[in-house]
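Look at the model below with its aromatic rings in mind.

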Amino acid sequence: MREKLMRFMQGRYGSYGADSLNRFLLTGALVAMIVSLFTKWNILYGIALAALIYSYFRMLSRNYTRRYAENQAFLKYTMGIRRFFTKQKNVMSQRKTHHIYKCPGCKQKIRVPKGKGKIAIRCPKCGMEFIKKS
C-alpha cells in the first residue's frame, strides 16, 4: 500500500511536503473549524472547508510551476509580517544579554551588552555620544 501511495504521489507538487502557503491554509482551516464549533457561524465552516479543498488540490497538483509561483507570491505578500515577527523574536532572545537603546540624534538602534555599568555609547551612524546604564 505504501508503494502504491508513493507511485501515486510521484510527480505531484505535495510529494516533498507542504510549502508555506499550504501550511498557512491548513492552519487557517483548522482554526476556522475550531472557532465554528463554538460559534454559530456556518460561513466560517464553509471557508475552512474551501481552504482544505484548495490545500489538497495544491498538494495533488502536477503543475509545479503554477504552484511554485503561488507560493512565491504568498511569501512576497507576507514578507513584511514575517520580517516583523522575526525581528521581535531576535530582540526577545537577546533581552537577557543585551540592552537596545535608540540614539537621541538619529534614532538608530544600538545594542549594548548588559552588566558594564554606566558607559558612553557612540552612535555608529551619526557619531553622537550619550551615557546610559548597561
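The model is predicted, so local features need pLDDT of at least 70 and side-chain atom pairs count only at pLDDT 80 or more, while totals for chains, interfaces and linings use all residues. Residues are numbered from 1 along each chain as its sequence is written, and side-chain values use heavy atoms, with hydrogens and water left out.

A pair of aromatic rings is described by the distance of the centres and the angle of the planes. Rings of Phe, Tyr and Trp (its six-membered ring) pair if their centres lie within 6.5 Å; planes under 30 degrees apart are stacked, over 60 edge-to-face, and the rest tilted. By this rule there are three aromatic pairs. One of them joins Phe-24 and Phe-74, a tilted pair with 5.2 Å centre to centre and 40° between the planes. Phe-24 lies in helix H2 (residues 20-38) and Phe-74 in helix H4 (residues 64-77), so the pair ties together parts 50 residues apart in sequence. Helices here are DSSP runs (H or I, at least four residues), numbered from the N terminus.

Phe-74 is buried, at 17% relative accessibility. Buried means under 20% relative accessible area, exposed over 50%, and partly exposed in between (1.4 Å probe, protein chains only).

Phe-84 and Phe-85 form an edge-to-face pair, 5.3 Å centre to centre with 75° between the planes. Phe-84 is partly exposed at 46%, whereas Phe-85 is exposed at 54%.

Leu-60 belongs to helix H3 (residues 42-60) and is partly exposed at 37% relative accessibility. Leaving aside residues up to four places away in sequence, Leu-60 touches Phe-8, Met-9 and Arg-12, where contact means heavy atoms within 4.5 Å.

Key
Helix = DSSP H or I, 4+ residues; strand = E, 2+ residues; numbered from the N terminus.
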